[in-house]
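Reader: I have a new structure open on my screen and would like to talk it through. Could you walk me through its salt bridges, sheet and core?

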Amino acid sequence: MKTGSIDRSDPEVIDLVLGEGDGSLRHAARGSLRAACAVPLLFGLGALLAFPVSAVMLFAGTGWGPVLVTTGIAGGLAVVVMTALYLYTVLFLEVHRLRLSPAPAPTAFTVVRGVRAVRRARPQPLTGLRHVRIDHTIVEPYDGDPSPGTVTRILTVLLEHGRIAPVHLPWGTDTAALHRELQEVLAPAVPVDLFVRRLRRKPLPPEDHHAGIPFGALGHGGSTGGGGS
């Protein structure tokens with residue numbers, strides 16, 4: 001399901017979808033595949049970062065053998081470190097859903113992070129969910145603006161303990177409908193607010209063509225003040 005939607009497919013819980021995937025091993029396998037595909041790029045990045053050291057070694061007359069070894073070690077370290085960080089994020093940190101239970105009248109919530117088979121979070125009392133906020137900002141172009149208007153929709157979930165990064169809702173999300181659904185599920189225990197702002201982009205100030213020109217380069221002007229001699 002798309003980010004920002006309410007999933008009621010399980011009769012026992014209500015899920016607020018906060019990201020791709022569902023915390024399954026299949027999702028982790030897809031993440032591992034993406035990490036494997038990025039290995040050549042990571043190796044090249046590590047080798048590039050080692051270029052200054054390699055250049056110094058060449059100028060010192062070390063020869064190509066040690067330089068290639070150094071480059072290979074740097075590339076290998078980059079692959080190991082970045083792959084480990086990515087897999088750790090996928091397995092333990094990535095937020096998928098805010099799970100509310102029981103479905104008829106939630107009294108607890110669970111933040112579904114990482115892979116459920118690896119990390120099982122305990123339900124917390126609903127009082128630990130401090131605030132849910134939806135920001136819908138519309139920026140309209142000014143008259144004659146060549147750039148189109150922009151629309152951003154951000155969902156923020158504030159917890160008593162811990163943190164969930166703000167989520168950018170996809171294009172076309174009905175924020176009013178999402179607000180109503182969340183209020184039906186969470187109110188009055190948890191405040192749910194929708195803030196809609198409509199702004200107009202301001203035109204850029206005209207360029208000062210005299211900026212940066214040394215004093216005196218424009219010639220001498222007459223004085224406007226009166227002065228007798």
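This is a predicted model: local features need pLDDT of at least 70, side-chain atom pairs count only at pLDDT 80 or more; totals for chains, interfaces and linings use all residues.

Reader: Is Asp-15 buried or exposed?

Author: Asp-15 has a relative accessibility of 4%.

Reader: Which residues are linked with Asp-15 in a network of salt bridges?

Author: Let's begin with the two pairs that Asp-15 makes with arginines. Arg-97 forms a salt bridge with Asp-15, with 3.1 Å between the closest N and O atoms, and Arg-99 meets Asp-15 at 2.7 Å, N to O. The network that holds Asp-15 also links Asp-7, Arg-97 and Arg-99.

Reader: How many residues apart in sequence are the parts tied together by Arg-99 and Asp-15?

Author: Arg-99 is partly exposed, at 23% relative accessible area. Arg-99 lies in strand β3 and Asp-15 in strand β2, so their pair ties together parts of the chain whose separation in sequence is 84 residues.

Reader: Which strands stand at the edges of the open sheet?

Author: The open sheet has 5 strands in the order β1-β2-β3-β4-β5, with antiparallel pairing. A strand with a single partner has one side left without a neighbour in the sheet, so the edge strands are β1 (6–7) and β5 (124–125).

Reader: Which element gives the most residues to the largest nonpolar core?

Author: This core has 26 residues, and Leu-98, Leu-100, Leu-129 and Leu-186 touch the most other members. Elements that give two or more residues include β3 (95–101), β6 (129–140) and α5 (175–186). With 4 residues, the top contributor is α5.

Reader: Where is the proline that Ser-101 joins through a cis peptide bond?

Author: The cis bond joins Ser-101 to Pro-102, with omega about -10°. Pro-102 is found in the loop between β3 and β4.

Reader: And which residue forms a salt bridge with Asp-145?

Author: Asp-145 counts as buried, at 14% relative accessibility. In its salt bridge, the closest N and O atoms are 2.4 Å apart. The pair links the loop between β6 and β7 to the segment after β9, 56 residues apart. The partner of Asp-145 is Arg-201.

How values were computed:
Residues are numbered from 1 along each chain as its sequence is written. Side-chain values use heavy atoms; hydrogens and water are left out. A nonpolar core is a set of buried Ala, Val, Leu, Ile, Met, Phe, Trp, Tyr and Cys residues joined through side-chain atoms within 4.5 Å. Buried means under 20% relative accessible area, exposed over 50%, partly exposed in between (1.4 Å probe, protein chains only). Two strands pair if DSSP finds at least two bridges between them. A salt bridge is a side-chain nitrogen of Lys or Arg within 4 Å of a carboxyl oxygen of Asp or Glu.
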